[in-house]
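Notebook open. I want to look up the charged side-chain contacts first, then one backbone angle.

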Amino acid sequence: MPDSLLDCREARAGDLQRAETCIDLSAPKSEAYATWQEAEARANLYRFLSTAYLQPPQGDLVRQILDEDFLSSLCTLFSDRALATLRSLPAMADPEKDLPSLRQEYMDLFAVPTGRYVTPFEDVYRGKTPDGTPERGPLMGERAIAVRRLYRAAGAEMDSECKELPTHIGVELAFMGFLCEQQAAALRAGLQAAAVESETSASANWLGYRRLQIIFLQRHLNDWFPRLSEVIQTYATTPLYRGLALLTEDFLAWDAACLAAETPFDRDAAPQTSDGLQ
């Protein structure tokens, strides 16, 4: 039975904090990227980012981002530009008082197709004319077909409560979280089966999920999110979503580089992943 791609829950600042304490950038990548703890930490971060684009901000998220000690602890994970932008969010004596305006910012950028709407869908940013010139692409076109194929290849399905299209940035980030969760589960199963014949199968399984992560980052997220981030920088009126976009861009680039450098190429280890697009 396919697993749920989205749980549509409230964004929890603790997800980001757990990821920050579990991902060790100083560890050798061959070790850091082969543990279930690492995969689970990356899943937490992807889920956090996913929900930030799928739901208006909650009070605990705002309070966490306004905490200077917390921001300082993220310096090992993210660039100065992302953290400097978040730090420029004015200090709030009462975050709950300013929460309505931040929630309106979310609606303007990601929910209501009016003047400041950034159209957060891969299809829109990857359209091309017959001669290859970039143009605004149609929703539910070939890119949506491509990502749906990858979702099915991984055994994921859209949550019935999620009303967004499969190419929404929040859904694509949730898919990466799902892949990391599946990788973590396979690694734990491999440890439990270390002394029996199923060990080899478990190892191939987790490598397959990691290969899918590389494919999705290279063919999809890292190929279009930087352009969405640029639009967010233009239309956001507060530092919150400008900073979150830069943070997302940093993490996607770093994660793709680490995965590509440390994952062996093994066609037999990865599920069928052809999406028909290059």
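I searched the whole structure and got 11 salt bridges (a side-chain nitrogen of Lys or Arg within 4 Å of a carboxyl oxygen of Asp or Glu). This is a predicted model: local features need pLDDT of at least 70, side-chain atom pairs count only at pLDDT 80 or more, and totals for chains, interfaces and linings use all residues. Residues are numbered from 1 along each chain as its sequence is written, and side-chain values use heavy atoms, with hydrogens and water left out.

I looked up Asp223 next. Asp223 bridges to Arg126, with the closest N and O atoms 2.9 Å apart. This pair links distant parts of the chain: Asp223 is in helix H11 (residues 199–235) and Arg126 in the loop between H8 and strand S2 (127–128), 97 residues apart. Helices (H or I, at least four residues) and strands (E, at least two) are DSSP runs, numbered from the N terminus. Arg126 is buried at 8% relative accessible area, whereas Asp223 is partly exposed at 32%. Buried means under 20%, exposed over 50%, partly exposed in between (1.4 Å probe, protein chains only).

Asp223 also pairs with Arg227, closest N and O atoms 3.9 Å apart. They sit 4 residues apart in helix H11, so about one helical turn separates them. I noted a salt-bridge network of Glu122, Arg126, Asp223 and Arg227.

I then checked Arg116 and Asp108: a salt bridge at 2.8 Å, N to O. Arg116 is partly exposed at 22%; Asp108 is buried at 18%.

Last, the backbone. Thr119 lies in the loop between helix H7 (95–111) and helix H8 (122–125). I read its phi as near 50°, positive in a non-glycine residue. Most residues other than glycine have a negative phi. Thr119 is buried, at 9% relative accessibility.
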